[in-house]
Amino acid sequence: MYFDSHAHYDDDRFDDDRDELLSSFPYEGIDNVINSSSNVASSKASIALSEKYPYFYASVGVHPHEVENMTENDLEELETLSKHPKVVAIGEIGLDFYYDLSPRDKQRYWFKRQLNLAEQLDMPIIVHSRDAAQECFDIIKSSKVRKGVIHCYSGSAQMAKDYIEMGFYLGIGGSLTFKNNKKTVEVVQQIPIDKILIETDAPYLAPVPYRGRRNDSRLLKYVVEMIGKIKNMDENDVCKITKNNAHSLFIK
């Protein structure tokens, strides 16, 4: 029923009940999950989850928060990890000028290098963009990568349309349900449903009425419900179409 296109179940907030929770997903209508990675160790953990749970897939990559000490050896290791049969994307990669946990010049450099890797491997990308919308868009546009998803999309409706024209999907999650998030509501109104992926970013960004608590894939129903209301669609159709979208991008 649900395809969670972006989660982080290797996060330590799941250490106490990870197996119990993830084993329950087939009974909770969670058909597939992509566990997105933040560094090389996380990439290995994501692959391990994909090996343990048949309905899990993995991405490999280094998050902008983590690139300060990234090396060419790390990039080579990502290339090796990408050959695993359950790895379906390079990510999460991008720019974060909100927290600036890594110097911006290094964020730019390693974003471009990981885009080059995705191009060489002909793999989709999972993009993190925060307070860097135009620069992130420009860097992607200047690359040859034309498939992927802009995770937790927070930009304008016009930029959303520009991304779609380039070949990208938009990841929509719990923030859509937040009371003052009119921008994302406008985006969902204006873009076609066949360009939307649903996601949790678990354990982060739990939707209303669970905002501020630990998020997991069982709460996708609140995101689907909101998309259905905005687009005047049946929730089952939202699930079906977004699942097909994710399969088209990641699992052909």
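Good morning. Strand β5 gives the most to the lining of the largest pocket, contributing three residues; strands here are DSSP runs (E, at least two residues), as are helices (H or I, at least four), numbered from the N terminus. The model is predicted, and local features need pLDDT of at least 70, side-chain atom pairs count only at pLDDT 80 or more, and totals for chains, interfaces and linings use all residues. Residues are numbered from 1 along each chain as its sequence is written, and side-chain values use heavy atoms, with hydrogens and water left out.

A pocket, on a 1 Å grid over the protein atoms alone, is an open set of points with protein on both sides within 12 Å along at least five of seven lines, and its lining residues have an atom within 4 Å of a point. The volume of the largest pocket is about 910 Å³. Among its 35 lining residues, Asp96, His128, Arg130, His151 and Asp201 are the closest to the centre.

I turn now to helix α9. Which residues of α9 are buried? They are Val238, Cys239, Thr242, Asn245, Ala246, Leu249 and Phe250, where buried means under 20% relative accessible area (1.4 Å probe, protein chains only). These residues cover an arc of only 130° around the axis, which puts them on the same side of α9; the arc is taken from the directions from the helix axis to the C-beta atoms.

Note on methods. 1 Å grid on protein atoms, 1.4 Å probe; cavity = no way out; pocket = protein on both sides within 12 Å on 5 of 7 lines; lining within 4 Å. Points joined across faces, edges and corners; volume = space filled by probe spheres on them. Buried < 20%, exposed > 50% of the residue type's maximum accessible area, 1.4 Å probe, protein only.
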